[in-house]
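Subject: The model to look through

Hi,

Here is the structure I promised to hand over. Please have a look at it first, and then read my notes below.

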Amino acid sequence: MTDTILSIKNLKKYFEPHQNFAQSITGGGQKKPIKAVDDISFDIRRGEIFGLIGESGSGKTTTGKLVMKLIEPTSGQMFFDGEDVTHLGKEKLKEYRRKVQMIFQDPYASMNPRFKIRDVLEEPLIIHKVKGSIEERTKMIVQALEEVKLIPPDEFMGRWPHMLSGGQRQRVATARTLILNPMMLVADEPVSMIDLSTRAEILHMMKEVQKELGLSYLYITHDLSTARYFTDRIAVMYLGRIVEIGRADDIIDNPLHPYTQALIEAVPEPASGKLDIVKELPIYGEIPSPANIPQGCRFHTRCPYATEACKREPEPELSLDSAEHYHACRRAYEVQAEKKRAG
Amino acid sequence: MDSLLKVENLQMHYFTSKGAVRAIDDINFELMPGETIGLVGESGCGKTSLGTSILRMPTPPGRYVGGRILVDGVDVIPLPEREVRKNVRWQKISMVFQGAMNCLTPVYTIGRQMMETLNEHSDLSRSDAESLITEYLGYVGLPPEIVQRYPHELSGGMKQRAVIATALFLKPEIVILDEPTTALDVIVQAQIINLLKKLKKQFSLSFMFITHDLALEAEISDRICVMYAGKIVELGTNAQIYGTQGPAHPYTERLLAATPRLFKKVEQLQFIPGTPPDLIDPPKGCRFSPRCDKAFDKCFQEEPPLIEIEPGHMSACWLHRRG
Amino acid sequence: MNLGDTKYRLSEFWSEFRKERSGLVGLAILVLSLLVVIFEPAILPWKEVNSKWRSIDYWQDNSASAPPAWTNAFTKLKAPVTVRLDDGKKEEASLDGGVKLVTYTFDYHYTADKAPLDVIFHITGHGDIPILVSIGRPDGTTLDLGQRFEQGLAGQDIRISVDNDGRESAFTFIKNYESEGALEQYSGKSLRTNDILFNTAREGMAREFKPLKGDYKLIVKAMLLDPENSKVEEPHVVVTGSVSGILGTDDSKRDLFSGLVAGLKWALLIGLLTSAISVLIGVMYGIISAYFGGTVDSVMQFIYQIVNSIPVLPVLIVISAIFKPSIYMLIAVMVLFFWTGSVMTVRSMALQIKEETYIEAAKALGAKKSRIIFKHMVPILIPYSFASMALSVPSAIVYESSVSLLGLGDATIVTWGQILHDAMQGAAILKGIWWWILPPGLLIAVMGMTFAFLGFSMDKILHPKLKTR
């Protein structure tokens, strides 16, 4: 048994743009591939909650789909529980799907509106041909519902998804993933559609389940503040690349990459006295298209600290700062020093 | 100073087959010139309903049941629709609807869609309208070429900027912003908030900023109006709500505690158990009482009035009377 | 999906459907049509219309091109209505020599202003039987109208038409009142038997018909020469009037009401079977095309477009002309072209559903393609297909009618289209036989409208469901 449950090595996913018939003959309109995920490597440890942070267009959702094997990688390797799972046959894939489950952003959309809660929870059992009589299955469903604190389970089993609140739906979605005793969960923005008042409740529930069952999570989000509370380690993604990776507290209290700094600056804090201040964000414009990734450091077009070197020199690799804290900025320390001088 | 907008005892119910949903139940507040008032609350508490009601276009099957909406001293509820369209909507009050940026028609260019709004509410000539559009695109930080672009060619932030520009065309005094940043990334959200602050000064606008995110309200709203189950439970200045003293109403308090903070590492985030009540048959007494951990006998019996607990700070909770 | 589910969904659907007025009208007509089909044997005035529509014998007692009976309400001179009398009073008497005389007396109440066209006696006999028919008039006179001696009968129907067989005795009767000279003058003008029989007996009766209203007795006597080995059964009399039935007759004396009632079930069958099969094929085709996408989609769309661009009617006409097909063959050919109707909509809806998160969730759970298609996609698209089914019913009915109208329909059944075709052949429009053209035409239109109403209402209810979920 290794310490690492999921290991991703130099994973890439390029989407080839659609070409019409005429274009493919003439070779005209040759479009560049969309580099959604462009060479990322990270490890998730057993029993760890790993956060993947980024804006929309950063490739975090594509990474989630790659891990779920809903799409095939262009290149690179994936190891799960010590086994190479980069390309899997039909049988192996089914086995993998049993071990790795997914919670989606919109709990309502992730359930067939014509399925009752019972049917929703029974589906994984049917798909994976979990043997057992109706009573045994019902027992498993009840158990899963209890696990996510939907009590009394009998009452919930007969309901339709539209009869539940957002939080309850996400609990059902969690129960659906737990019913097959997975080893890892991929949670793609599981609370972003849920009311703030219940967001914490769901995260709390997910954390309890994780502790109880010793699960590993890949938590994909754009929300740093829940990530800090929820995750052990965080990787920050920008345009298909990981720019910084480390322990959640280190990343937020001591961000080294200018992009991470900008992300943190942008988070609103519920405190008074900010009315007349126009927040100076250390970032320009908006995220470029992944079909057109800038030369050099891919962040230089938006970076206020970018120099000529950042534009011309090849992209910086992730380098170690302190224990478990890596960053991909060649000017990280200079910028830090500059900032200190400025106060 | 006279208020721009005064809402008095406003009641708006949705008449459904199951009964009347009391989405807005006796709401009173004023909006001063140049002020931003923030409306917060969980989903389903009546924030958006209040927004559309003030624009005098309640979503069917909603109907006004009582109260007045005074815009510059004139009650707009009894006005005929033609009059509202000519003199009130978009001229005095405009609105950025929730998810408006995702409701742009994919088959028309941005410019054409902006033009349509202009035509509906004014009778400018084509060239005048075009120059107006270019002018306002400049104000929201978009290049004029954008008029020839289709919605799918723009990012979420750019679309939201275009929507905001559209809301400002006819120089309204009040702009209702319904969750203008919810679907956006944090960085874009911060950029939009900065833009709104700039526009507010530039055009001396008053905003009604609707969101469920208390942290966001702290950035932009002069006064915060907390709604729960169709009623205002607390209304206070930014300093009163977010200051060291903290909010007065238990609901606001718990909502604030449930808002995750980036720089405060906590072991356990707070949350409010349960869900907002059914507004067809709201609970007796204080509507928050079933979910409130501080509730006592009286809370379940009688509805607390909205009282002034300090100058400019209103709250509806029996705890204030208890001392 | 269990029973409770379905019940809940149906009740939900019904509560919305109730608000659709046109849908309710459609439903009412459909239910009525189904009732008519179920109770067809009880409703049909001519029981064997289904098998004997093209038999000349079966219809020979009717009058040709007779308007509907209710047209009497609008005319000054009331025409006699065609009636069939079955309840004859039976009397038996033994004569000398072991001969048995069976007498059947039928009462006919005559009130019209014109004489019936004919009075026809029917009796089924076995053995050697002399038969005698007579008529008893309200003024007390009884006229023997004729006799027949049939030998070696084995259950054949003996038909005695008064118009032919009673001619002589009618003239004998009229001689009592009219002078030779008068008779000579009128007999040349083909004096009809029944004009004498139902006339008031007086001088000048040959010149002018003056109805003698009242109760007539129509008598048929059969002599059983050998009572052991001979018998008579099923005596009945048809008084052929100049108006007939609910919807009149065509020029082949066929009762149109019976034909139309018999045609209803074929209209429903053609409409429902064609649309059900073709929509089912279309839905599956659309889903598969959308779900697999890529090359499969391209090829399937290519085939779809080819089939869709072939005009149905010409092909149908050519096939019918060559093969003289049965109704089922016609349906099969129509299905071959009709399935394209729902493909595009289903495909675009399936493309939408395919992108739904719950499909992705099912995939992430490891669901097979077949499970995703049949468990997740089909149940959502099936209700929609009901609507599109209802919408394609009218065209199926009209196409069959069109083929029949050209005389190329299935010759073993009665359809509305065929009735219309016969009407065109019989120059019904030129002759002003409106009751031959309007009812089948209207019925085709109403049936089409019924399903269109149903379809539009269902479409309205079921379609937006998908968007709002």
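Gly136(C) has Lys217(C) as its bridge partner in β6(C). That bridge belongs to an antiparallel pairing between strand β4 (residues 118-136) of chain C and β6(C), which runs over six bridges; two strands pair here if DSSP finds at least two bridges between them. Strands (E, at least two residues) and helices (H or I, at least four) are DSSP runs, numbered from the N terminus.

β6(C) also pairs with strand β3 (residues 100-110) of chain C, again in the antiparallel sense, over eleven bridges. Within β6(C), Val220(C) is the bridge partner of Tyr104(C). Strand β6 itself spans residues 214-224 of chain C and is mostly covered, with eight of its eleven residues buried. I call a residue buried if 20 or more other C-beta atoms lie within 10 Å of its own, exposed if 12 or fewer, and partly exposed in between, with C-beta atoms placed from the backbone.

A word on conventions before going on. This is a predicted model, in which local features need pLDDT of at least 70 and side-chain atom pairs count only at pLDDT 80 or more, while totals for chains, interfaces and linings use all residues. Residues are numbered from 1 along each chain as its sequence is written, and chains are lettered from A and ligands numbered from 1 in the order in which they are written.

Now the rest of chain C. Its secondary structure comes to 19 helices and seven strands. For 469 residues, a compact globule would have a radius of gyration near 23 Å, whereas chain C has 31 Å. The radius is taken over C-alpha atoms, and the globule rule is 2.2 Å times the number of residues to the power 0.38. Along the principal axes, the C-alpha atoms of chain C fill a box of roughly 105 × 50 × 45 Å. Of the 469 residues in chain C, 41% are buried. Among contacts in chain C with a separation of 6 or more, 77% are between residues 24 or more positions apart; two residues are in contact if their C-beta atoms, placed from the backbone, lie within 7 Å.

Chain A has 13 helices and twelve strands. A compact globule of 343 residues would have a radius of gyration near 20 Å, and the 22 Å of chain A agrees with that. Its C-alpha atoms fill a box of roughly 70 × 60 × 45 Å along the principal axes. In chain A, 48% of the 343 residues count as buried. Of its contacts between residues at least 6 apart in sequence, 67% join residues at least 24 apart.

One helix of chain A is worth a look: α2 (residues 60-68) is mostly covered, and eight of its nine residues are buried. Among them are Lys60(A), Lys65(A), Leu66(A) and Met68(A).

How do the chains meet? Two pairs of chains are in contact, and chains A and B share the most contacts. There, 41 residues of chain B are in contact with 37 residues of chain A. On the side of chain B that touches chain A, α6(B) gives the largest share, nine residues. That side divides into 19 nonpolar, 13 polar and nine charged residues. In this grouping, Ala, Val, Leu, Ile, Met, Phe, Trp, Tyr, Cys and Pro count as nonpolar, Asp, Glu, Lys and Arg as charged, and the others, Gly among them, as polar.

The contact between chains A and C takes 18 residues from chain A and 16 residues from chain C. On the chain A side, α3 (90-99) and α4 (117-127) each supply at least two residues. By class, the side of chain A that touches chain C has nine nonpolar, three polar and six charged residues. Chain B and chain C are joined by no contact, and their closest C-alpha atoms lie 11 Å apart.

Finally, chain B is assigned domain 1 (5-92 + 172-273) and domain 2 (109-170), with bounds from an automatic or database domain assignment. The C-alpha centres of these two domains lie 25 Å apart. Their contact takes 15 residues from domain 1 and eleven residues from domain 2.

Best wishes
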